[in-house]
Amino acid sequence: MTSTDELTLLRRVATKDRKAFEALYHLYYRRLFGYLLKLTRRVDLVEEVLNDVMLAIWKGAASFDGRSRPSTWIFGIAYHKGLKALARRPAEVDGDAEGGPEPVDRDEPESLAARRELAGVLGRALGSLSPEQRAVVELTYYYGLAYPEIAEIVGCPVNTVKTRMFHARRRLRELLPGMGVSGYAG
Amino acid sequence: MREQEAHGERVHQRVWELLPWYVNGSLAERERERVETHLAACLRCQEEERICRRTAGEVAKGGEVAPAPHPVQLQRMLARIEESEREEKESAGPWRLLAPLRSLVQATPRPLRGALVAQAAVILLLVGFLGWSSLRPTNQTFVTKSDPAPAPVPTVRLRVMFSPRATEKEIRELLQGIRGKITAGPSPSGAYVVEVPAAGDPTDVVLARLRSEPQVVMFAQPAAGGPGEAAQ
């Protein structure tokens with residue numbers, strides 16, 4: 001689906017069209033689930049935050065001014081809702097996503113895959129970053145976004161995006177084996 | 001000479017910062033060209049570019065691990081929307097009459113919003129004046145804060161487990177048929193609490209209706225407290 005199609009869908013949601021909302025929900029569910037899992041590292045929070053995001057879309061679709069892509073607007077909402085949820089419900093003492101309640105569909109293999117992903121070497125390295133730094137890394141390398149677009153999603157100046165990436169790169173290089181670097185190149 | 005070196009170092013720093021976005025192919029053309037020119041001559045940036053590509057590859061390998069939405073999840077989402085809208089209506093009071101106007105304002109391009117709001121204000125003033133002059137009230141009634149609040153609608157709670165093969169549409173239609181609403185769940189065993197109006201069909205009839213669709217409902221029974229238990 002193109003950005004224009006998504007805009008049309010969002011405009012219909014703005015008129016409280018439930019069918020359009022259901023289509024948007026199906027279109028974005030997996031993308032938001034994956035993004036929120038990467039951002040929060042908390043399987044137990046993802047479903048709840050995802051619903052918060054969808055509710056915000058339902059309520060606020062009329063305020064979307066079309067200056068950015070619909071996905072930028074939606075991921076921006078998800079970013080802020082995700083950080084709010086982390087602040088509201090900090091991780092347990094062990095800081096481990098494994099400790100939280102199970103998600104609704106806990107028997108599904110995909111949820112197990114999500115758990116495995118969190119436990120991998122890269123997952124641990126990414127987990128050691130702050131959520132703000134992690135968001136920049138994921139939005140850059142996984143979602144392939146340009147830095148001005150990332151700045152819009154996370155709601156900060158482009159230089160802050162670059163600074164977060166700078167610190168994240170340095171940290172990842174320390175933690176990821178096989179990156180083969182003798183020293184700081186910057 | 002020193003100035004030249006300082007300038008070269010500044011260019012190096014700027015390029016070094018941009019490498020992640022050079023690697024993901026999102027740089028604007030001018031920036032990309034600037035990075036490529038510098039990269040051709042800078043060993044440190046060439047090494048860093050390799051690291052960025054390797055990191056990007058690792059992150060991409062993380063893959064999309066998200067499950068597909070279950071129909072019940074969408075059902076719960078829609079129930080939450082209804083709940084939220086009901087709360088908004090209740091809390092908005094008489095201002096809810098202005099809600100369509102607010103949507104219209106939000107959907108109007110910014111430069112025209114002021115004119116639209118001013119026009120609406122003038123119309124409202126005129127209508128108000130006409131109403132006041134032609135319908136001067138003779139008897140007025142007042143509601144005091146001590147008046148009792150409207151009583152909540154009593155409901156009956158049922159414990160329902162949906163079939164994993166049931167679609168969201170089937171569940172929605174069934175719930176609409178019994179005027180039911182999912183209010184809690186799933187429990188560890190996958191059961192949901194569905195509330196139906198106590199003033200509606202008798203509980204036995206509602207349960208029979210649910211059980212008559214085994215492709216949608218695996219089991220349905222009164223929640224703890226029996227069929228007579230009403231929640232408020």
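## A bend in helix H2 of chain A

In this predicted model, helix H2 of chain A, written H2(A), bends by about 45° at A:Tyr28, where the bend at a residue is the angle between axes fitted to the seven residues ending there and the seven starting there.

Just after H2(A), A:Arg41 takes a positive phi of about 60°. A:Lys16 counts as partly exposed because 15 other C-beta atoms lie within 10 Å; a residue is buried if 20 or more other C-beta atoms lie within 10 Å of its own, exposed if 12 or fewer, and partly exposed in between, with C-beta atoms placed from the backbone.

## The numbering and the limits of the model

Residues are numbered from 1 along each chain as its sequence is written, while chains are lettered from A and ligands numbered from 1 in the order in which they are written. Since this is a predicted model, local features need pLDDT of at least 70 and side-chain atom pairs count only at pLDDT 80 or more, whereas totals for chains, interfaces and linings use all residues.

## Chain A and two of its buried residues

Chain A has nine helices and zero strands, and buried residues make up 38% of its 186 residues. Two residues are in contact if their C-beta atoms, placed from the backbone, lie within 7 Å. Of the contacts in chain A with a separation of 6 or more, 66% are accounted for by residues 24 or more positions apart.

A:Phe75 sits in helix H4 (residues 70-88) of chain A, and it is buried because 29 other C-beta atoms lie within 10 Å. Not counting residues up to four places away in sequence, A:Phe75 touches A:Tyr35 and A:Ile153; A:Tyr35 is 40 residues away along the chain, yet the C-alpha atoms of A:Phe75 and A:Tyr35 are separated by 8.3 Å.

A:Met165, in helix H9 (residues 158-175) of chain A, is likewise buried, because it has 24 C-beta neighbours inside 10 Å. Leaving aside neighbours within four places in sequence, A:Met165 is in contact with A:Val136, A:Val137, A:Thr140 and B:Pro20. A:Met165 and A:Val137 are 28 residues apart in sequence and 6.5 Å apart in space, C-alpha to C-alpha.

Chain B holds eight helices and five strands, in the order α-α-α-α-α-α-β-α-β-β-α-β-β along the sequence. Buried residues make up 22% of the 232 residues in chain B.

Two packed helices are described by the angle between their axes and the distance between the axes. Helix H1 (residues 2-23) and helix H2 (residues 29-39) of chain B pack at an angle of about 115°, with their axes 10 Å apart; axes are lines fitted to C-alpha atoms, for helices over the stretch in contact, and angles run from 0 to 180 degrees between N-to-C directions. From H1(B), B:Val11, B:His12, B:Val15, B:Leu18 and B:Tyr22 meet B:Glu31, B:Arg32, B:Arg34, B:Val35 and B:His38 in H2(B).

Most residues other than glycine have a negative phi, and most peptide bonds are trans. B:Arg179, in the loop between helix H7 (168-178) and E2 of chain B, has a phi near 55°, a positive value in a residue other than glycine. B:Arg179 is partly exposed, because 14 other C-beta atoms lie within 10 Å.

The peptide bond from B:Gly185 to B:Pro186 is cis, with omega near 0°, and B:Pro186 lies in the loop between strand E2 (181-184) and strand E3 (192-197) of chain B.

Methods
Helix = DSSP H or I, 4+ residues; strand = E, 2+ residues; numbered from the N terminus.
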